[in-house]
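Dear colleague,

I am passing on the structure below, and after it I set out, step by step, what was found in it. Please keep it open while you read, so that you can follow each part in turn.

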Amino acid sequence: MAEMVEWQLYELMLRSRRFEEAVTELWEEGKIFGEMHLGTGEEAIIAGIVSQLIPGDAIATDHRSTPPFIMRGIDPVALMLEFLGHPKGLCSGMGGHMHLFSKEHLLASSGIVGSSGPSATGFALASKYKKTNNIAVAFFGEGAMNQGMMLESLNLASTMKLPVLFVCKDNNWAITTRSSDVTGGTLLERAKGFGIEGVEVDGLDAKAVWKTANEMISSIRGKKSKPLFMHARCVHRAGHLLGDSLIRPERAPVSPLLKSVLSRKGARIDKKIGGLGNVLSMISSVKAQLKDSQDPLKILRKKLASQEEQLSKIESSIQIEIDNTMKTTMEIYQQEGSL
Amino acid sequence: MKRMGFADAIESALKQAMIEDPSLFIMGEDVHGLRVNLYLQFGKDRVKTTPISESAFVGAAVTAAMAGLRPIVEVMFIDFIGVAMDALLNHASKTYFFSGEKWNVPVVIRASCGGGYGDAGQHEQSLWGWLAHVPGLSVVVPSNPADAGRLMLSAIIADHPVVYLEHKLLADYLLDSVGSGGRTTVSFDVPEAGKEGEVPERWEPLPLGKANCLREGSDLSLVSLGVSVHRCLEAAEELDAMGISTEVIDLRWVSPIDIDAIFKSVSKTGAVIVVDEDYKQFGLSGEVCALLAERNLEFRYDRVCTETTIPYNRDLEDKTLPNVQRIVDTARRMLKD
C-alpha cells in the first residue's frame, strides 16, 4: 500500500516535470511569451497534496500553477495551447500561465503574491455554506507570508472555522530577496498566533508530504472543519522565472558592480564591500539549489531504484504521453497558428 | 550632450539626487538587485529591501515622508498597487488637505507600467487614469531618457505624492527580465528614441505639469504619453504623407494635466485624438475631451485606448494596445470629409 503511494507520486511528479521541460523548450523558442514561472522543485509538495483531493475540492494557486493543474488532471494539450496563446487553450489564450482557470475543477491561479490566501478561504466558505464536505487548498510561497491579505486570510479562516489547507512552499527566496532577511519570527508561530495549528514537513520528500497531508486533510474535512497550515521546504530548480538573471552567468557582470563600489561618493567603503559580498553570495546560493540532492524527483527515484523494471515502465509511458501531448498540441498550433 | 538608455538615465538622476540630499532613500522589493549600483554605492540603509508587503511599506513611506525624509518607494509593477492602494487613496493624497495644508507628503512611488511583451493584464496595465483620479496625487509618465531623468528629479522635489511610471518597453533591464529573459527568439516593438537618447551633463528638473509639443501640425492634434507618444510620432509621419498635417503632444504628466498646451494645439487644429495606453473608460482620454469642452472649444474628437483586459495572446495584445495602424485609421476616419 505504502509503496503504491510512492509509485503514484512518482508518476504525478514525473508527468509534471516532463511537461514543464517541454514548456521550457517552447519558451526558449519564443513560442511562449513573457514571463514563465516553473514549479520544478515543488513537485513533491504539490503531488503529496493534490493526490489526496476528491472531486469538488478547490485549489487556489500562485504564479507557479503548472504542476497543480497537471496533477489535478487538466487536459495537458489545453494547458500547453494556453501557454502558446492559442484560442483552443484552456482559457482561450487569454490568460497565459499566471492567469489559469478551470471552473469545473475549481482551480484558480493568480499572479498577485498572497492572493491564494483569500481565494482558498472563499472556496472553503462556499463548501461550508453548501455543506459539501469539500476542502480548499492554498498554495503559496514563503514570500506571500509577509503579505497582509495572506495573514488576514489565516485569521478569517480560523475564526470562521473554514476547511482550508494553507500550504507554504518555502524556498527562502522572495524573487531575489532572502526571505530570512525580511521575515520576523517563524511561520509556524504566525499561524499559531491566529489559532491555526501548523506542521513542518520536508517538501523535497514526497512520501513525507503525502503522509502529513493525509493526516491534515482528514482533520480539515468534515463537520468539525478547521484550517491547518503546512510549512514545506523546497527549491526552485529554474530560479524565480525562466531566464532568471541570477542563474544566467552573463547577467551578473562583476566589473560594473565594482565601479559602484569604487565610486568615491556614497556609503563608506566597508559598507560597500559588504554590499558586494551580499550580491555575490546571493548568486552563489541560488545556484547551489540546483544540485541533484535538492531535486525531489531524483530523491524519490533513488528510493524506488531497486525496482528498475517498474521505473522504466513508468518513465517510458510518461514519455509517450508527453510526446503525444506535444504532437497533438503542435498539430493544432500549426494548423491554426493565431487568432 | 551624451547618450544614455532610459533606465540608466533614471539611475543617473537618482544618483545625483542621492548624493545631494541625504534624506533621500529607496525602499521596495528586491531593490538591492534592481538598483544594484545604487545599493553598492549608497549601502543598505539608503537602498532598503522590503518583504513582499506593499500595504505596509508604501504606507510606511508615506509617514516617513511626513517625518521629513524623501522616500522613493518602489512597487515592482503598478498592477501591484492594488495591494497598497489605501496608502495612496486615503493617506498620501489626503494628509495635506486634512491638515489644513500644514503637513505635506513628499513621497515618490516608482513602478513599472505598460504592455507589449506578453505578460497579460495582471502585469501590463497602465492605471495612470485611475491614480490621477484621486485629488492630491500627481502622476508622471516619461517617454524618453532625457525626460526620464529630469522628471525623476521633478517628482523628488515635489512637495506632494508623485507616482512615477516607467514603461517596460523603454527600460531595458525590465524588458530583459520579464520579456526576453535572455532569449533571442522573441522581439518587441521598442521605440528607439524612447529606449536611448541624448541626456544633459547635469540633471535639472522639469516644471510640474508641463507638456511637450514634439511635432507641429495644422490639421490634427495627437495627445499622448509614454510609449504611445512614439506610436503617435510614427503615425504622424504617415498622416503627413497623406496630407494630414499632424501635431504631437507628449503630456508627460497625467496629473496635473497641461490643459493649456492641449487647448492651444486643438484651437489651431480643430481636431484631437487622445492616444492612451490606459483604459478607455472613465480615464485620461475622456478627461481631455471634458476639459476642452469646458472651455467652449468646438473640435472633432476621437480616442485610441486600451478597451478591454489585456489578453495574453501576443497578436491580440498588439491589437488591444494603441498602435500606429489604429491611430492612422482613426485619423483618416475622422478627417475623411
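This is a predicted model: local features need pLDDT of at least 70, side-chain atom pairs count only at pLDDT 80 or more; totals for chains, interfaces and linings use all residues.

Residues are numbered from 1 along each chain as its sequence is written, chains are lettered from A and ligands numbered from 1 in the order in which they are written, and side-chain values use heavy atoms, with hydrogens and water left out.

The sheet in chain A

Strand 1 (residues 58-60) and strand 4 (residues 136-141) of chain A pair in the parallel sense over three bridges. They belong to an open sheet of seven strands in chain A, in the order 2-3-1-4-5-9-8, whose pairing is mixed. Strand 2 (101-102) and strand 8 (198-201) of chain A stand at its edges with a single partner strand each, so one side of each is left without a neighbour in the sheet.

Helix 5 (residues 116-129) of chain A packs on this sheet, where it touches strand 1, strand 3 (107-108), strand 4 and strand 5 (164-170) of chain A, contact meaning heavy atoms within 4.5 Å. The direction of helix 5 makes about 175 degrees with that of strand 4 of chain A; axes are lines fitted to C-alpha atoms, for helices over the stretch in contact, and angles run from 0 to 180 degrees between N-to-C directions. Helix 6 (residues 148-159) of chain A also packs on the sheet, touching strand 4, strand 5 and strand 9 (228-233) of chain A, and its direction makes about 150 degrees with that of strand 5 of chain A.

In the loop between helix 5 and strand 4 of chain A lies Asn133(A), which has a positive phi of about 70 degrees although it is not a glycine.

The sheet in chain B

Chain B has an open sheet of five strands in the order 9-11-10-13-14, again with mixed pairing. Its edge strands are strand 9 (212-215) and strand 14 (300-306) of chain B, each of which pairs on one side only, and the twist averages 25 degrees from one strand to the next. Strand 10 (residues 220-224) and strand 11 (residues 246-250) of chain B run parallel and are joined by five bridges, with Val223(B) opposite Ile249(B).

Elsewhere in chain B, the peptide bond from Ser255(B) to Pro256(B) is cis, with omega near 0 degrees, and Pro256(B) is found in the loop between strand 12 (253-255) and helix 12 (259-269) of chain B.

Where the chains meet

The contact between the chains takes 53 residues from chain A and 43 residues from chain B. How many salt bridges (a side-chain nitrogen of Lys or Arg within 4 Å of a carboxyl oxygen of Asp or Glu) are counted between chain A and chain B? The count is zero.

Note on methods:
Two strands pair if DSSP finds at least two bridges between them. Helices (H or I, at least four residues) and strands (E, at least two) are DSSP runs, numbered from the N terminus.
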